[in-house]
Amino acid sequence: MASSEGFLTEEQRELLKIATQNAEVLSSSPKSPTLKSPKSLLSERQVKAPAGGKAATAGIAVRHVRRSHSGKVVRVKKDGAGGKGTWGKLLDTDGESRIDRNDPNYDSGEEPYQLVGSTLSDPLDEYKKAVVSIVEEYFSTGDVELTASDLRELGSSEYLPYFVKRLVSMAMDRHDKEKEMASVLLSALYADVISSAQISQGFVMLLEAADDLAVDILDAVDVIALFIARSVVDDILPPAFLTRAKKTFSETSKGYQAIQTAEKSYLSAPHHAELVERRWGGSTHITVEEVKKKIAELLREYVESGDTLEACRCIRELSVSFFHHEVVKRALVLAMEIQTAEPLILKLLKEASEEGLISSSQMAKGFDRLDKSLDDLALDIPSAKCLFQSLVPKAISEGWLDESFLKPFGENGEVEGKDDEKVKRYKEEVVTIIHEYFLSDDIPELIRSLEDLRAPEFNPIFLKKLITLAMDRKNREKEMASVLLSALHIEIFSTEDIVDGFVMLLESAEDTALDILDASNELALFLARAVIDDVLAPLNLEEMATKLPPNCSGSETVHVARSLVAARHAGERILRCWGGGTGWAVEDAKDKIIKLLEEYETGGVVSEACQCIRDLGMPFFNHEVVKKALVMAMEKNDRMLDLLQECFSEGLITINQMTKGFARIKDGLDDLALDIPNAEEKYKLLRRACQEKRVGAAFFWFRYC
């Protein structure tokens, strides 16, 4: 068959058949190259017939000849494998495989595998990202409960110290509002979500990063110091943290400077608690007093309306689940005050418990707090104890108070039995005496009141009441309690009384911690302060430890107190742990005492010298005034005795401080003899001079010399 396009020979037909079969096989191969059509394959072999209509059989072999569109004959390689303008060898699969993703039959599994390297994710990195989001959301919403819930859901409690660091560092670079919010959040999360140790560890991490933070935040040292001071004031950091942390930093580091600033500028200032709390404009949330006021109002409204659902809604809106024990306590007190309201109050507490609004721990804590304050409450509600004893079985029988609460009422370690009524009356009276002392700061009046009670066998109970009431108040009252102990020691309290009183406190330390979160650390400070004030000897701490069960909370408190006393510069720090001093170092105070005595010696007026002593503002350190004055009197000037007599008669220097000053001189006579010849003989002359000056108050303090 002839045509203008030529014809197929038998050989060409055979090639076309083979190409068609191979094309079907290759189409099913996942690695097949782009296929060529049979006609195209054929065109590689096809040669145009000459004009005579016969195939060329001479010159160039037919299967090795190819004619281009231009009419030029192109010679190809053997088997059609390449050459300029050719498609390559038939079944050539050596080239790069190409897959068309637009092909309807495209299968992603045909793609060649490619290994991609990836780094393993660090759990801390993931935690850091989540924490930033949580803190940002908190700064936007101010929702403490939501933030606490998010932290619990996040898990990884071992990374909570990082949360503390990140929260504070993010707040540092923002306005005072966010700084205040950060402090409020830490107080809310304390104990329930974040432990005391984790908060301390978080602040250590923050102090370690202080040098880096100071690069971006110019006042980083001052802001960190203020956060630390605020945490101490809020009782989420123990004062001992400052001493422990300071040892881990060099004096040139920003972290050390921040600790110094917190200690000297903020925690040693008069009324420092109020100043620190208001430094950032006060709380963005309602204060504790405001919460108490709102609780009282909603309970009064509930008694009038009887609407339990509305009362529960109001409690929920307070958003202080960690403070619900106050709701329980105030509700029970209201039930005692208005006995007709008792059924309504019990109904509310039962409903709140069943809804899960008030947890079992908060319920028990509320009952326990009321149990411990029954003596005070009995002054206003005489039948308070009987009413409380009737409420407890009802709550247990209805299932919203744990049965473990049903126990004999009375404080551990105190005298009970046939003398119980006498002890009860004594406690009522000393509570009133202590409250009056906190208001008046009149130590002589308190001593007279105690002597009028004529119950020295109950002195340990007085000490326990004094320290317990002081721990639940501000630093001013804590300082007053320590000063009072120094005044009572030797005068009317024996060392055994004080040891027994502290043992009673240590035995009930776990119960006290339910009301005062940092009770253990504060009690340790009271013990350490008693040692520094020479009210207790270090050996007395060991004696207390032997009277307590091993591994109990009280034993740990004694151990902490011993560590505080043994620390470097312990005296200076412990004397000012509650702002008792003016922030000066002990050496500064000694220098000022020497200067005022020298001025008096050179012709000063007694009244002016007394005023200078008063201006020092360190009554617990007046024994140093006595010691220095006596040394100067032994050296050259008897006028110093007139000054001491005047100070005592004015009540400026107490008997305890006077006695301590003389005792220090007597104990240091061997050392004084190196500077003052015949020091012991001169000390005896001073005693004789005291005897000769039996004028006014001098007679009374002479007998202690």
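Predicted model: local features only at pLDDT ≥ 70, side-chain atom pairs only at ≥ 80, totals over all residues.
Figure 1. Residues are numbered from 1 along each chain as its sequence is written, and side-chain values use heavy atoms, with hydrogens and water left out. A cavity is a set of points, on a 1 Å grid over the protein atoms alone, where a 1.4 Å probe fits but cannot get out; lining residues have an atom within 4 Å of a point. Grid points are joined across faces, edges and corners, and a volume is the space filled by probe spheres set on the points. The structure holds five cavities of 30 Å³ or more.

**Figure 2. Lining of the second largest cavity.** The lining consists of L374, D375, A378, P382, A384, K385, K424 and E428. Four of the lining residues are nonpolar, none is polar and four are charged; here Ala, Val, Leu, Ile, Met, Phe, Trp, Tyr, Cys and Pro count as nonpolar, Asp, Glu, Lys and Arg as charged, and the others, Gly among them, as polar. At least two lining residues come from each of α18 (374-377), α19 (384-397) and α20 (420-440). Helices are DSSP runs of H or I with at least four residues, numbered from the N terminus.

**Figure 3. Helix α15, residues 324-337.** The end C-alpha atoms of α15 are 20 Å apart, which agrees with the 20 Å that its 14 residues should span at 1.5 Å a residue. This expected span is 1.5 Å times one less than the number of residues. Twelve of the 14 residues of α15 are buried, meaning under 20% relative accessible area with a 1.4 Å probe and protein chains only. Among them are H324, E326, K329 and M336.

Figure 4. I593 counts as buried because its relative accessibility is 1%. Leaving aside neighbours within four places in sequence, I593 is in contact (heavy atoms within 4.5 Å) with L616, F621, E624, V625 and K628. The C-alpha atoms of I593 and N622 are separated by 9.3 Å, although these residues are 29 places apart along the chain.

**Figure 5. Cysteines without disulfides.** The structure holds zero disulfides, a disulfide being a pair of cysteine sulfur atoms within 2.5 Å. C610 is in no disulfide, and the nearest cysteine sulfur, that of C647, is 3.8 Å away. C610 counts as buried, since its relative accessibility is 1%. C552 is also buried, with a relative accessible area of 17%.

Key: Buried < 20%, exposed > 50% of the residue type's maximum accessible area, 1.4 Å probe, protein only. 1 Å grid on protein atoms, 1.4 Å probe; cavity = no way out; pocket = protein on both sides within 12 Å on 5 of 7 lines; lining within 4 Å.
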